[in-house]
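Hi,

Here is the structure I promised to pass on. Please open it alongside this email; my notes follow below.

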Amino acid sequence: MSSHIGSCFCGKVTFETTGQPEAMGFCHCQSCRQWSAAPVNAFTLWKPGALRITGGEGNIGTYNKTPISYRKWCMECGGHLFTEHPTFGLVDIYAAMLPGLRFEPGLHVNYQESVLRIPDGKPKFKDMPKEMGGSGTTWPE
């Protein structure tokens, strides 16, 4: 089984994933864009049991703007770590946090909020796929 190691910006919080993500893609919602300070968020979605904090657990802060997302960061350096999505039963570990993982995006979500169009041939969901509670509606490139 494969594993990947990540850490916050200062290295005080460390973690490891095992196995493979359930999905990888890009989120274009305003919340993710603001949190990541970027025009799009590259996500990797994992079952919670695939993530293990290996150091600095006491340095992890949490902020939740909505009950859908519990955003985690290092309280020492402010570096972002991951977001727990309890309603989906998944954890979003930002792709940049796992430098050894080959990022292979399969879809775009919340494309209706996009500020950066990415013509890559991947499905672009207006909001979310139906199986995640969205409309399942896709948009053209």
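Helix α1 (30-36) gives the largest share of the lining of the largest pocket, three residues. Keep in mind that this is a predicted model.

The pocket first. The largest pocket holds about 510 Å³ of space. Its lining counts 26 residues, and C27, H85, F88, N110 and M128 sit closest to the centre. By class, 14 lining residues are nonpolar, six are polar and six are charged. Several elements contribute. At least two lining residues each come from α1, β3, β4, β6 (60-66), β7 (69-74), β9 and β10 (107-109).

Now strand β4, one of the contributors to that lining. Is β4 buried or exposed? Five of its six residues (41-46) are buried, so the rest of the structure largely encloses this strand. Buried here means under 20% relative accessible area.

β4 has these strand partners:

- β3 (residues 23-27) runs antiparallel to β4, with five bridges joining them. M24 has T44 of β4 as its bridge partner.
- β9 (residues 90-94) is also antiparallel to β4, joined by four bridges. Here W46 stands opposite V91 of β9.

Both β3 and β9 also supply at least two residues each to the lining of the largest pocket.

Best wishes

Definitions and conventions:
Residues numbered from 1 in each chain as written. Predicted model: local features only at pLDDT ≥ 70, side-chain atom pairs only at ≥ 80, totals over all residues. Heavy atoms only, no water. Buried < 20%, exposed > 50% of the residue type's maximum accessible area, 1.4 Å probe, protein only. Pairing = 2+ DSSP bridges. 1 Å grid on protein atoms, 1.4 Å probe; cavity = no way out; pocket = protein on both sides within 12 Å on 5 of 7 lines; lining within 4 Å. Points joined across faces, edges and corners; volume = space filled by probe spheres on them. Nonpolar A, V, L, I, M, F, W, Y, C, P; charged D, E, K, R; others polar.
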